[in-house]
Amino acid sequence: MFNFLKKKNNTPKLPYTTEVHCHVLPGIDDGSPDVEHSLALIHQMKEWGLERIIATPHVTEASFENTPQTIGSAYSRLCQETNLDELGIKLCYSAEYRMDDNFLGILQREEIIPMPGNHILIENSFLQPFWNIKSLVFDLQIKGLSPILAHPERYAYYYDDKKIYKELHEQGCEFQVNLLSLAGYYNKRAKEVAEWLISKQMVDYLGSDLHNSSHVLHINKYLSGKEYPKHMRNIHIKNNHL
Ligand SMILES: [Fe+2]
């Protein structure tokens, strides 16, 4: 099950030590199902050179309606049953908030779990964009939150008219691109748009969006390949400042 842990020699390092997007809290979304898997993923992240991990479980209407209580208790369970200090990993949590009606309710009730520095990781549905994303970004900013759009390169409905990327970024919405997109894991277009975002200097954060051991294998392959250093040549990310 955890074969990927055996390959520890010469694991290439990530270009950051703070992970801002991953699903390593046990049993509350489609990421790690239990503490054992969580620990295996965190061990791998340590091999990639990570020192600090911000866990971002899904908060999505109808599928993963996590709350500060469900997320907090998964975090406590993981901390109690492991020794992350000994491993040299600092773990904290926020969430990956899907922009939907559930999220609007959370905002209204002021139940947001912010990232350090009052950042907040938001995502669109993959089927359609949030109906008024620019207005929502503005509302978040008024509340003192700094939105980071998760994997902007994965929203296919933005591909044909890319001006929305520029508009959002100029509005102060930062972008977090997935390593898995650069690896070509999802599809060719997502990779191309991730590369385009790099070329336009619009990548503020990189993230693993790590859910499982298949993701680990694909990221390892990417880190060992020729494209990784080329992609990283012109990128200026802020992960370690978060
Ligand atoms: Fe995610």
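Predicted model: local features only at pLDDT ≥ 70, side-chain atom pairs only at ≥ 80, totals over all residues.
1. Residues are numbered from 1 along each chain as its sequence is written, and side-chain values use heavy atoms, with hydrogens and water left out.

2. On to the metal. The iron ion has His 21 (NE2), His 23 (NE2), Glu 96 (OE) and Asp 209 (OD) as its protein donors, 2.0 to 2.3 Å away. Donors here are N, O and S atoms within 2.8 Å of the metal (3.2 Å for Na, K and Ca); water is not among the atoms, so sites may look incomplete.

3. Along the chain, those iron donors are spaced H-x1-H-x72-E-x112-D. His 21 sits in the loop between β1 (18–19) and α1 (35–47), and Asp 209 in the loop between β9 (205–207) and α9 (213–224), so the pair ties together parts 188 residues apart in sequence. (Helices, H or I of at least four residues, and strands, E of at least two, are DSSP runs numbered from the N terminus.) Both ends are buried: His 21 at 0%, Asp 209 at 3%.

4. Cysteines: the whole structure has 0 disulfides, a disulfide being a pair of cysteine sulfur atoms within 2.5 Å. For Cys 22, the nearest cysteine sulfur is that of Cys 92, 9.4 Å away. Cys 92 is partly exposed at 25%.

Key: Buried < 20%, exposed > 50% of the residue type's maximum accessible area, 1.4 Å probe, protein only.
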